[in-house]
Amino acid sequence: MATGALSVAIVLLLTTCGQADKPARSDSRSAFAYDLAQSHPDQARQSGDNVQAAEADKADDIAKVIDEWMPPQPPGATERVVDRQRMVQHQIVDPPAGRIPVKNYSVIKAMRTVPRHVFVPADLRSRAYIDSPLPIGNGQTISQPYIVAYMTELLQLDPAAKVLEIGTGSGYQAAVLAQLTPNVYTIEIISPLAKTANKSLTEQGYKQVKTKQGDGYFGWEEHAPFDAIIVTAAAGHIPPPLWQQLKPGGRMVVPIGGAYEVQRLLVVEKTEEGKRRSKSVMAVRFVPLTRSTEK
Ligand code: SAH
């Protein structure tokens, strides 16, 4: 791509994502490489420095996706607009004391767009926008809106990212991810939930989301590696297959802890060298990650 076209695409990217912030980078060298790749991609590519060249290539990939892809416009987005605006404002952007506000504009926009009420059982639709998880049948729950937004922000997705979700549940989190990237893969272990989620996603126009019924502990080898993995059920440990399917430079957001206890939400990064760097970001409560042998 010509430099001019790339710059236009990058400006477009920054506008679309609304991310004035650059991604959090673990060291100053890659932060420099990111800056150079954004401002002078050709120079970055020709520098002979692998980190700089990789950043420039990534900027190119993102620009290409932006040229070809627009976030979906689900039909349900025209319903309950005020409820959703209120939810985003009071629970996510300016939340009650003790919660970290969500700042990423693309995530905020996704939360304003996805019709949450469509993903909850019909008899609970009037409560779809309250500050709480809700039952979705089969003993499972759709997460609280704030948790969905916060976990999505932690993934630092760009439109070229490939993301795997373990625990489709209602399909709501997958729809939120699908507003940020066209490359969403999601696995649900309970067959009736997988079917309902698939139906809701299809009806709302999220046809590009790839769904599968199965044990997410093993990931989705066929589509690996992933830039990001989000686990929406609590595991006792990080499933080794998921770690293997995470790209170097990628990140996993996963609640770790025993069933029905307070668990820790971890952000687990895989460095370019393949090392693990984990950070515990908050206490959470998720349903347990079950295994196929228990079913
Ligand atoms: N993300 C969902 C909520 C998830 S609740 C939403 O937006 O609605 C957690 C889900 O994880 C449940 O539906 C549960 O059945 C599923 N789950 C538990 N263990 C799993 C496993 N091993 N593989 C795939 N899904 C699993």
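**Figure 1. Pairing of strand 6 and strand 7.** Strand 6 (residues 226-231) runs parallel to strand 7 (residues 246-256), and four bridges join the two. Ile230 has Val253 of strand 7 as its bridge partner. Strands are DSSP runs of E with at least two residues and helices are DSSP runs of H or I with at least four, both numbered from the N terminus; two strands pair if DSSP finds at least two bridges between them. This is a predicted model, in which local features need pLDDT of at least 70 and side-chain atom pairs count only at pLDDT 80 or more, while totals for chains, interfaces and linings use all residues. Residues are numbered from 1 along each chain as its sequence is written.

Figure 2. Two residues are in contact if their C-beta atoms, placed from the backbone, lie within 7 Å.

**Figure 3. Surroundings of Ile187.** Ile187 is a residue of strand 4. Ile187 counts as buried because it has 21 C-beta neighbours inside 10 Å. A residue is buried if 20 or more other C-beta atoms lie within 10 Å of its own, exposed if 12 or fewer, and partly exposed in between, with C-beta atoms placed from the backbone. Leaving out residues up to four places away in sequence, Ile187 touches Ile166, Thr168, Lys212, Gly214, Gly216 and Trp220. Gly167 is 20 residues from Ile187 in sequence, and their C-alpha atoms are 5.8 Å apart.

**Figure 4. Shell around the ligand.** The ligand is surrounded by 24 residues, and the closest are Gly167, Gly169, Ser170, Gln173 and Gly216. A residue is near a molecule or strand if its C-beta atom, placed from the backbone, lies within 6 Å of it. Strand 2 (140-142), helix 9 (172-178) and strand 4 (183-188) each supply at least two residues of this shell; strand 2 gives the largest share, three residues. By type, the shell has eleven nonpolar, ten polar and three charged residues. Ala, Val, Leu, Ile, Met, Phe, Trp, Tyr, Cys and Pro count as nonpolar, Asp, Glu, Lys and Arg as charged, and the others, Gly among them, as polar.

Figure 5. Arg84, Met87, Val88, Gln91 and Ile92 are buried in helix 5 (residues 81-93). Seen down the helix axis, these buried residues fall within an arc of 110 degrees, so they line one face of helix 5. The arc is that of the directions from the helix axis to the C-beta atoms. Val82 and Arg86, on the other side of helix 5, are exposed. Helix 6 (105-113) and helix 8 (145-154) are among the elements that cover the buried residues.

**Figure 6. Helix 8 and the residue that follows.** Nine of the ten residues of helix 8 are buried, and the helix is mostly covered. Among the buried residues are Pro145, Tyr146, Met151 and Leu154. Gln156, which follows helix 8, has a positive phi near 50 degrees.
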